[in-house]
Amino acid sequence: MMKADAMTLWGQAIVSEASASSTERNEADALLVARIRAGDEQAFESLMTRYQAPLFRYLRGLVSDPEQARDLLQETFLRAYRSIGTLDDPSLLRSWLYRIAHNQAYSVLRRRRLISWLPLAFGQHLSTPALDRGAVELARVEEALGRIPVQQRAPLLLHLVAGFSYAEISALLQVSEGTVRMRISRGRAAFRAAYGSEEDEDAS
């Protein structure tokens, strides 16, 4: 499979929450926040149901450890629950949740001193006979993604997986839009190089 096709496969296999229009999603989020602030106990459960899968994918992509990603997801929701009253613009709930998750993941990475290099454990599953060709290919894509420096990986995941625009990523990560573009561009190049090295290792 070509490197460009592999990147497309990664995006198509994972992107889901970006399918709804931004306006519809923002309006639904604002209504959800209003219900939570009004004391609706079911509303926060609805929030978790809506965002747990995409946030987990993002966290797993950053920390490369599903168990740790689950712990970070729980911490993200706990912090969100405690501070939902501080959210200035309820329509920006999605970005706010990703910012909390992002900050939690970065704290872990700093403690592990792995902020610029993260070996990924996905490769150990590649030899499982039950995996079909598509699952194996996705695992290879994820392994290559894990070789990208996290400063490039984070905006790449936010753009390809979560469907954020450059402007939204700029606000979320608090860097300039030009920096976002540069990091995504370098992240794509790093992915292609890492995916290519995977092919070379398979051939050796």
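What follows is a set of questions and answers on this predicted model.

Trainee: How many helices and how many strands are in the chain?
Mentor: Read along the sequence, the pattern is α-α-α-α-α-α-α-α-α. The count for the chain is therefore nine helices and zero strands.

Trainee: What percentage of the residues of the chain count as buried?
Mentor: Buried means under 20% relative accessible area. The chain has 204 residues, and the part of them that counts as buried is 41%.

Trainee: Among contacts between residues at least 6 apart in sequence, what percentage join residues at least 24 apart?
Mentor: A contact here means heavy atoms within 4.5 Å. Of the contacts in the chain between residues at least 6 apart, the part that joins residues at least 24 apart is 67%.

Trainee: How are H3 and H4 oriented to each other: roughly parallel, roughly antiparallel, roughly perpendicular or oblique?
Mentor: H3 covers residues 41-63 and H4 residues 66-83; their axes are 9 Å apart, and the packing angle is about 140°. Over 145 degrees would count as roughly antiparallel, and 65 to 115 as roughly perpendicular. H3 passes H4 in a right-handed crossing. The orientation of H3 and H4 is therefore oblique.

Trainee: How do the residues of the contact of H3 with H4 divide into nonpolar, polar and charged?
Mentor: On the H3 side the contact includes Phe 44, Leu 47, Met 48, Tyr 51 and Arg 60. On the H4 side it includes Pro 66, Arg 70, Leu 73, Phe 77 and Ala 80. The residues of this contact divide into 15 nonpolar, three polar and two charged.

Trainee: Is Ala 80 buried or exposed, and at what relative accessible area?
Mentor: Ala 80 lies in helix H4. Leaving aside neighbours within four places in sequence, Ala 80 is in contact with Phe 44, Trp 96, Leu 97 and Ile 100. Leu 97 is 17 residues from Ala 80 along the chain, with their C-alpha atoms separated by 7.0 Å. Ala 80 is buried, with a relative accessible area of 0%.

Trainee: How are H3 and H7 oriented to each other: roughly parallel or roughly antiparallel?
Mentor: H7 covers residues 150-160, and H3 packs with H7 at an angle of about 160°, the axes being 10 Å apart. The cut-off for roughly antiparallel is over 145 degrees. H3 and H7 are therefore roughly antiparallel.

Trainee: How do the residues of the contact of H3 with H7 divide into nonpolar, polar and charged?
Mentor: Tyr 58, Gly 61 and Leu 62 in H3 meet Val 150, Arg 153, Ala 154, Leu 157 and Leu 158 in H7. Gly counts as polar and Arg as charged. The residues of this contact divide into six nonpolar, one polar and one charged.

Trainee: Is Gln 152 buried or exposed, and at what relative accessible area?
Mentor: Gln 152 is found in helix H7. Not counting residues up to four places away in sequence, Gln 152 touches Arg 183, Arg 186, Gly 187 and Ala 190. Gln 152 is buried, with a relative accessible area of 16%.

Trainee: Which residues does Ser 95 touch, not counting residues up to four places away in sequence?
Mentor: Ser 95 is placed in helix H5, residues 93-112. At 15% relative accessibility, Ser 95 counts as buried. The residues touched by Ser 95 are Phe 164 and Leu 172.

Trainee: Why do the buried residues of H8 line one face of the helix?
Mentor: H8 covers residues 166-173, and its buried residues are Ile 169, Ser 170, Leu 172 and Leu 173. An α-helix has 3.6 residues a turn, so residues three or four places apart point the same way. Seen down the axis of H8, the buried residues line one face because they fall within an arc of 170°.

Trainee: What is the phi of Gln 174?
Mentor: Gln 174 is found in the loop between H8 and H9, and at 67% relative accessibility counts as exposed. Most residues other than glycine have a negative phi. Gln 174 takes a positive value, with phi near 60°.

Trainee: How far apart in space are Ser 22 and Ser 91, C-alpha to C-alpha?
Mentor: Ser 22 is placed in helix H2, residues 22-37. Ser 22 is partly exposed, with a relative accessible area of 38%. Ser 22 and Ser 91 are 69 residues apart in sequence, and their C-alpha separation is 9.7 Å.

Notes:
Residues numbered from 1 in each chain as written. Predicted model: local features only at pLDDT ≥ 70, side-chain atom pairs only at ≥ 80, totals over all residues. Heavy atoms only, no water. Buried < 20%, exposed > 50% of the residue type's maximum accessible area, 1.4 Å probe, protein only. Helix = DSSP H or I, 4+ residues; strand = E, 2+ residues; numbered from the N terminus. Arc of directions from axis to C-beta. Axes fitted to C-alpha atoms, helices over the stretch in contact; angles between N-to-C directions. Parallel < 35°, antiparallel > 145°, perpendicular 65-115°, else oblique. Left-handed = near helix turned anticlockwise from the far one by under 90°.
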